[in-house]
Amino acid sequence: FLEHSLDNGGKLTIKGNISDFYRNMIARDGIQEGTQLSYYDEASVFLPKGNNSLVAGINISGNDYSGKQPINSPVPTFNIFTAGAFAQYNWQFTEGGTIETGLRLDKPTGNTFFALPRLAGFYRFNKHWATRAGFGMGYKMPDPLDLLNNDTARNYNLVYNPGLKAEISYGYNAELNYKLTWDDNSLFINQAFFMTDVERPVFDQVTGGNSVLVNLTTATETKGSDTYMKLSVHRWEFYLGYTFTNATNNWYAASNSRIPLTAKNRMAFVLTREIEKKWKFGLEGSWFGQQYRDDGTLTPSYFVTAIMICRNLGEHFTLVLNGENLLDYRMSNNESLYAGSITNPVFKPLWAPIDGRVINFSVRWKLEGRK
């Protein structure tokens, strides 16, 4: 990482990373072994001018995989190299209003250029109300190693598909914020809406005992809303959130196009209390609505809770006691985790926790005092 300050207040930044690691996974048709080299390098410049700013740069990234065994591995040696350029321009047109524009151009190996625009705006009406909206495009190159990472790798024979194409996404979002403060108390409410379309989504198709990744001919559409509230009153803090998600793809069925294992309704809360900066207590709960399994049946909804107790001993030591899944809700209490026999199991997709209650205790030691 290298950063150089320019005379006009700008900055020149050069950064990069590289990782080389070994992969070993047991699949139905043998041990999949290989080495993988991944890297990312970027050079960018930041140029401010008044209420405007520009960030522009270039980057390269790569993913090299070399399979060692078996000789007939379903994932052969491959190389994915991408060269790109990007720019983002921010304009603060008023004290409370900002517009952000951006464009990225990427050229992966064996593909045409991807042009990915981005546009976002933020405006604060007054000290209580603010709004934000945005649009952006993205893409994801198919990773042949996803074939090994999928749960079906242990249940089916893997077949490599060299004709996979990149997924392309279109994302839209809008939100409205409200904030109120009085004395030492505060209330914050955020209401957000989102929608994402993914064209040519990659899907794991199982036929005749074989598992192969393919591009679906229909788009996956995800739309919904997210409601979030934070209330702080006399050292009590309360967080409440609700998420509505409708994720569909007509490929599944015209009568039920819902994406499996995606809860349409979710809710969560957190309640915390701090006492004289010595004690801190927290209670957390999450509720998950029904989800469709792969066979079209519905799972039950469920609720999980957790608790935390924290005690500060001076400025350096902190004791933390955590308890998770206190109601001991497990998928295995409703159905078996696999079909078939123990010697030849077919594992089912997980839709709920598989661990029971978990209690852990930790001691934290800080070399520096609290600020």
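Contact is taken here to mean heavy atoms within 4.5 Å. On that basis, and not counting residues up to four places away in sequence, Trp365 touches His316 and Phe317. The structure is a predicted model, in which local features need pLDDT of at least 70 and side-chain atom pairs count only at pLDDT 80 or more, whereas totals for chains, interfaces and linings use all residues. Residues are numbered from 1 along each chain as its sequence is written, and side-chain values use heavy atoms, with hydrogens and water left out.

Trp365 is found in strand 22, which covers residues 358-365; helices (H or I, at least four residues) and strands (E, at least two) are DSSP runs, numbered from the N terminus. With a relative accessible area of 59%, Trp365 is exposed, where buried means under 20% relative accessible area, exposed over 50%, and partly exposed in between, for a 1.4 Å probe and protein chains only. Between Trp365 and Ser301 there are 64 residues of separation in sequence and 40 Å in space, taken from C-alpha to C-alpha.

Side chains of opposite charge can pair when their charged atoms come close. A salt bridge is defined as a side-chain nitrogen of Lys or Arg within 4 Å of a carboxyl oxygen of Asp or Glu, and by this rule the count comes to nine salt bridges. One of these joins the side chains of Arg118 and Glu100, with 3.0 Å from N to O. Because Arg118 lies in strand 7 (residues 114-124) and Glu100 in strand 6 (residues 97-108), the pair ties together parts that are 18 residues apart in sequence. Arg118 is partly exposed, at a relative accessible area of 35%, and Glu100 likewise counts as partly exposed, at 24% relative accessibility.

A further salt bridge is formed by Lys223 with Glu221, whose closest N and O atoms are 3.5 Å apart. Lys223 counts as partly exposed at 37% relative accessibility, and Glu221 is also partly exposed, with a relative accessible area of 25%. In the salt bridge between the side chains of Asp328 and Arg330, the N to O distance is 3.2 Å; here Asp328 is buried, with a relative accessible area of 18%, while Arg330 is partly exposed, at 25%.

Aromatic pairs were examined next. Rings of Phe, Tyr and Trp (its six-membered ring) pair if their centres lie within 6.5 Å, and planes under 30 degrees apart count as stacked, over 60 as edge-to-face and the rest as tilted. A search of the whole structure finds 15 aromatic pairs. Among them, Phe93 and Tyr123 form a stacked pair, with 6.3 Å from centre to centre and 5 degrees between the planes. Phe93 lies in strand 5 (residues 78-94) and Tyr123 in strand 7, so this pair ties together parts that are 30 residues apart in sequence. Both residues are partly exposed, Phe93 with a relative accessible area of 35% and Tyr123 with one of 33%.

Trp129 and Tyr178 form a tilted aromatic pair, with 4.7 Å from centre to centre and 50 degrees between the planes. This pair links distant parts of the chain, as Trp129 is in strand 8 (residues 129-140) and Tyr178 in strand 10 (residues 167-182), 49 residues apart. Trp129 is partly exposed, with a relative accessible area of 37%, and Tyr178 counts as partly exposed at 21% relative accessibility. Finally, Trp91, Phe93, Tyr123 and Phe125 form one aromatic cluster.
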